Amino acid sequence: MDNRIRSLVKANDSLRRQSSAGVGGAETPEASVSNRLDKLLDLKFDRMKKDLLVQVNDLDVLGETLDSRRLLLESVPGGWPVRGTLSSAFGRAQLPFTETPVFHHGLDIVARTGMPVAASASGVVVKSGYEALYGNVVVVDHGAGTVPSMPTCRRAASEEGGVRQPGEELGKVGSTGRTTGPHLHYEVA
């Protein structure tokens with residue numbers, strides 16, 4: 001490798017010696033040259049400044065877009081609010097009390113009485129109380145049109161207006177309302 005580099009340097013030196021140093025062309029006074037260079041640098045600087053401002057504005061727009069997408073993603077419920085076994089899925093189901101086919105608007109997750117029910121996304125508690133058919137309910141508004149409802153809690157631990165983050169407790173699993181046993185009815189409207 002050393003030999004190759006040395007031979008390249010020698011070849012370059014020999015080319016320099018062989019070429020005639022040609023000089024010519026119009027002559028310009030030195031003050032005029034520096035004035036032209038200053039104007040050229042100012043022009044180049046102005047273009048760079050405009051390009052930079054455009055790029056900063058693009059970054060601001062990109063940042064706002066990413067923030068809005070992040071907020072939307074944070075508002076989408078992810079995962080189950082309690083560990084358990086699915087006893088009834090969303091859709092057509094058989095009503096256990098009358099054996100009548102009905103449309104079930106959520107998921108029924110069987111879990112032990114007293115297990116904590118966690119928020120599946122960040123949001124604001126818009127309802128916490130008792131409803132005749134559901135029993136104790138906690139309804140969380142996650143924004144972006146997603147409002148999960150978590151009825152049939154033994155105890156609702158959340159106060160209306162309270163902000164909840166994913167994983168924070170909303171209540172405890174129970175058997176309140178129209179139910180055959182302890183479970184969490186989880187529905188997203």
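**Exercise 1.** In this predicted model, find which residues Asp-108 is in contact with, leaving aside its neighbours within four places in sequence.

*Solution.* Step 1: Set aside the sequence neighbours within four places; the contacts of Asp-108 are then Thr-85, Leu-86, Ser-87, Ser-88, His-183, Leu-184 and His-185.
Step 1: Look for a polar contact among side chains. The side chain of Asp-108 makes one with the side chain of His-185, at 2.9 Å.

**Exercise 2.** Decide whether Asp-108 is buried or exposed.

*Solution.* Step 1: Take the relative accessible area of Asp-108, which is 12%.
Step 1: Compare this with the cut-off: buried means under 20%.
Step 2: Asp-108 is therefore buried, because its relative accessible area is 12%.

**Exercise 3.** Describe the largest pocket and its lining.

*Solution.* Step 1: The space in the largest pocket is about 610 Å³.
Step 1: Its lining has 23 residues, and those closest to the centre are Leu-95, His-104, Asp-108, Arg-178 and His-185.
Step 2: Strands S1 (85-88), S2 (91-94), S3 (101-104), S4 and S12 (183-188) each give two or more residues to this lining.
Step 3: Sorted by class, the lining holds 9 nonpolar, 11 polar and 3 charged residues.

**Exercise 4.** List the residues of the largest nonpolar core.

*Solution.* Step 1: The largest core has 8 residues: Val-82, Ile-109, Ala-111, Met-115, Val-117, Val-173, Leu-184 and Tyr-186.
Step 1: A second, separate core has 5 residues, among them Ala-119, Val-125, Val-138 and Leu-170.
Step 2: For background, nonpolar side chains tend to be buried together in soluble globular proteins.

Conventions
Residues are numbered from 1 along each chain as its sequence is written. This is a predicted model: local features need pLDDT of at least 70, side-chain atom pairs count only at pLDDT 80 or more; totals for chains, interfaces and linings use all residues. Side-chain values use heavy atoms; hydrogens and water are left out. A nonpolar core is a set of buried Ala, Val, Leu, Ile, Met, Phe, Trp, Tyr and Cys residues joined through side-chain atoms within 4.5 Å. Buried means under 20% relative accessible area, exposed over 50%, partly exposed in between (1.4 Å probe, protein chains only). A polar contact is a pair of N or O atoms within 3.5 Å; within protein, one must be able to donate a hydrogen and the other to accept it, and residues adjacent in sequence count only if both atoms are side-chain atoms. Contact means heavy atoms within 4.5 Å. On a 1 Å grid over the protein atoms alone, a cavity is a set of points where a 1.4 Å probe fits but cannot get out, and a pocket is an open set with protein on both sides within 12 Å along at least five of seven lines; lining residues have an atom within 4 Å of a point. Grid points are joined across faces, edges and corners, and a volume is the space filled by probe spheres set on the points. Helices (H or I, at least four residues) and strands (E, at least two) are DSSP runs, numbered from the N terminus. Ala, Val, Leu, Ile, Met, Phe, Trp, Tyr, Cys and Pro count as nonpolar, Asp, Glu, Lys and Arg as charged, and the others, Gly among them, as polar.
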